[in-house]
There are 2 protein chains.
Amino acid sequence: LLGHKQNPKLQNALERQKLSGAAPPHARRITPVILSGGSGSRLWPLSRKQRPKQMLALAGERSMLELTAARVADPERYAEPIVVTAAGHALDVEACFEQAGMPLHRLILEPEGRNTAPAIALAALTADPADLLLVMPSDHLIKDEASFQQAVDEARPSAEAGRLVTFGIRPTRAETGYGYIKRGEQIAAGTYKVDEFVEKPAAPAAAEFVRGGYDWNAGIFLFRADAYLAALRTHAPDIFVGTIAAVGIADDQRTIRPDPALFREIRAQSIDRAVMEHEPNVAVVTMDAGWSDVGTWQALHQVSDHDSGDNTVGGEVVALDVKGSLIRTEGPMIVAIGVENLAIVATGDVVLVMPLSESQRVSEAVALLTSRSDPRL
Amino acid sequence: LLGHKQNPKLQNALERQKLSGAAPPHARRITPVILSGGSGSRLWPLSRKQRPKQMLALAGERSMLELTAARVADPERYAEPIVVTAAGHALDVEACFEQAGMPLHRLILEPEGRNTAPAIALAALTADPADLLLVMPSDHLIKDEASFQQAVDEARPSAEAGRLVTFGIRPTRAETGYGYIKRGEQIAAGTYKVDEFVEKPAAPAAAEFVRGGYDWNAGIFLFRADAYLAALRTHAPDIFVGTIAAVGIADDQRTIRPDPALFREIRAQSIDRAVMEHEPNVAVVTMDAGWSDVGTWQALHQVSDHDSGDNTVGGEVVALDVKGSLIRTEGPMIVAIGVENLAIVATGDVVLVMPLSESQRVSEAVALLTSRSDPRL
């Protein structure tokens, strides 16, 4: 840290990022920050290292990234987005925006993933301090656009006032794969203080949280760039300083490539762990917008259109007397007969078959193939 | 029929095929007749029109046809075999025998399948009248070679005496896919008269037959060529005459190609329906030789080696917590997690998934694809 303080570039950046204090005029458009760094190995074999989940057209014709960008494309409300992604996916992201005819303000290319706290810091450092940043994963599905926009509207005054606002999702099951948020005192319409962030709980605790009215932590945030950086400096100064060192003064460039050696040194941590759990000045707005992180084949089945047998089918599929299954191929034709509640997913080189209810276990196969350095990952 | 009688070639053939009456010397070797005309669509998608079941290496490294030929390759006991197959499979059959270094006496190429009664007649017409023919499907599995040879030995005296001997299999379940044989009075050691042939029964009848000690009809026969032709002439004279007309005088040729137009005119019927059910001079020898017709994926699973989870696995397969399943691929890698009692079969262009217990239903998919003129059949 002391070493970095000797760096004039760093000093300059620290100076520039000082909290401006006064809220910007209400008309300021929100800057979407789309985090597109994940690989989504839980949707393997469709998702691959070279074709992560956000690049897949999981729901309809458009990729998850395109759907995410389209959600915040209204120029009345939103400025052009900042996308943070892995360097290896730069061309895919550019192609996605170009083909969709959507503008892209800035592309930040991580030399490797260091989780969300540094990724968001990269975006915040290259934004205007008073910019309102709407941070969103690039691979979530939100079916009810209007409710989403309404939640953003509700969150806006708190964010403008310097709070870090997170969006909560009403749980539909005792999911152990998500963090939970305990709402506290009401601040404004739809907006509450956060009493507690809880990391992914065990099943009994998850059930208790659902009964207790906790929200799921969806990983969607609204805050001013300077508010986030200030909180990061307070709660995770090493990440703050490390990110500044890696990104340098690069805010005018459309494509930003943090220094690989310096970026690799940054501690990998989520925004929840690094900032939100420690920061008192946070708020939660509950969003009832048909959200899904589409984190498993089961989750995709739940949010997809179903045929009369409660099946979700994609690609060349023959399903005879099949119920409650997700069957999807972009390779060989799948013929399924008399099966229930299965995920059957085929690509040209892999076929995955498992009960939908055990979708989480795809990670076991991915781990095994990783240990074998299998190229089909 | 009258028209055929004017044909001098036919007259000649009829003359030549007159029953010789006297049994041949005991040293005469048995001539295997391997019926290789089927397509085995119940093992689709591995079996295809262009690669029927007998060409597949279902159990081990060798194709079913090769295993069948090897079973009767002992030159002390068996003459070189006659193979009856579809014209389109001539090269495959030749290649199979050549690669295995096994001799092939005669190849009879059917222009199209007319079921077993005409196919066996083709072989019998081109054999010596007193030849003992051991008729076998090319796609059955017989694990206990010694018991098989013993059953053939038991059947031999009756066959030499002019009886049509069929081999019965002790049922292991109330299978509705096979015909049944009711044994009658004992003729010799292990050999019984046949009281009744029963075509594929409904489930309650099948159960009754199993309780009543009936045998399965395995479609394996031993008889003199002239005895079969005499019985065929008696019970299905149209098939007898039609086959003679189609094959002409061709017995000295290694490869025989019946006249397509004439052969197509022959009534398609099984030897059971056309001859065995009507002929009084029949006998049955029960064979306890680990027989399976490998007629379904379930049947293949039952006769195959199993891993500790009772799975039969072939090709590149990752099975995690999988039980009682058959998983086989010659295309994409199959990853199965947490499933039970499934058949999962993949080729480069098709993946089939169904409960093993419903293996018969693959015919539904084949029928559907046939109606669509799908090329993957």
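This is a predicted model: local features need pLDDT of at least 70, side-chain atom pairs count only at pLDDT 80 or more; totals for chains, interfaces and linings use all residues.
Start with chain A and chain B together. A rotation of 180 degrees, with 0.0 Å of shift along its axis, superposes chain A on chain B. The RMSD is 0.0 Å. The two copies are therefore related as by a two-fold rotation axis. Now compare the two sides of the contact. Of the interface residues of chain A, 100% are also interface residues in chain B, so the copies meet through the same surface.

**The contact**

Select the residues of each chain that touch the other. About 2500 Å² is buried between the two chains. Carbon and sulfur atoms give 66% of that area. Next, pick A:Met333, A:Ile337 and A:Val351. In chain A, these three lose the most area to chain B. Together they make up 25% of what that side buries.

Switch to side chains. Four salt bridges are counted between chain A and chain B. For one of them, select A:Arg376 and B:Glu316. Their side chains meet at 2.5 Å, N to O. Then widen the search to polar contacts. Between chain A and chain B, 14 residue pairs qualify, both residues being at pLDDT 80 or more.

**Elements on the chain A side**

**Strands paired between chains**

Select S16(A) and strand S18 (residues 350–355) of chain B. The two strands run parallel and are joined by four bridges. To see one partner pair, zoom to A:Ala336. Its bridge partner in S18(B) is B:Val353.

**Backbone stops**

Most residues other than glycine have a negative phi, and most peptide bonds are trans. The next stops depart from that pattern.

- Go to A:Asn341, in the loop between S16 and S17 of chain A. Phi of A:Asn341 is near 55 degrees, a positive value in a residue other than glycine.
- Go to A:Trp44 and A:Pro45. The peptide bond between them is cis, with omega near 10 degrees. A:Pro45 sits in the loop between strand S1 (30–36) and helix H3 (64–71) of chain A.
- Finish in chain B, at B:Trp44 and B:Pro45. A cis peptide bond joins these two residues, with omega about 10 degrees. B:Pro45 lies in the loop between strand S1 (30–36) and helix H3 (64–71) of chain B.

Definitions and conventions:
Residues are numbered from 1 along each chain as its sequence is written. Chains are lettered from A and ligands numbered from 1 in the order in which they are written. Side-chain values use heavy atoms; hydrogens and water are left out. Buried area is the accessible area (1.4 Å probe) that two parts lose on being put together, summed over both. A polar contact is a pair of N or O atoms within 3.5 Å; within protein, one must be able to donate a hydrogen and the other to accept it, and residues adjacent in sequence count only if both atoms are side-chain atoms. Two strands pair if DSSP finds at least two bridges between them. Copies are superposed by least squares on the C-alpha atoms of residues with pLDDT of at least 70 in both. Contact means heavy atoms within 4.5 Å.
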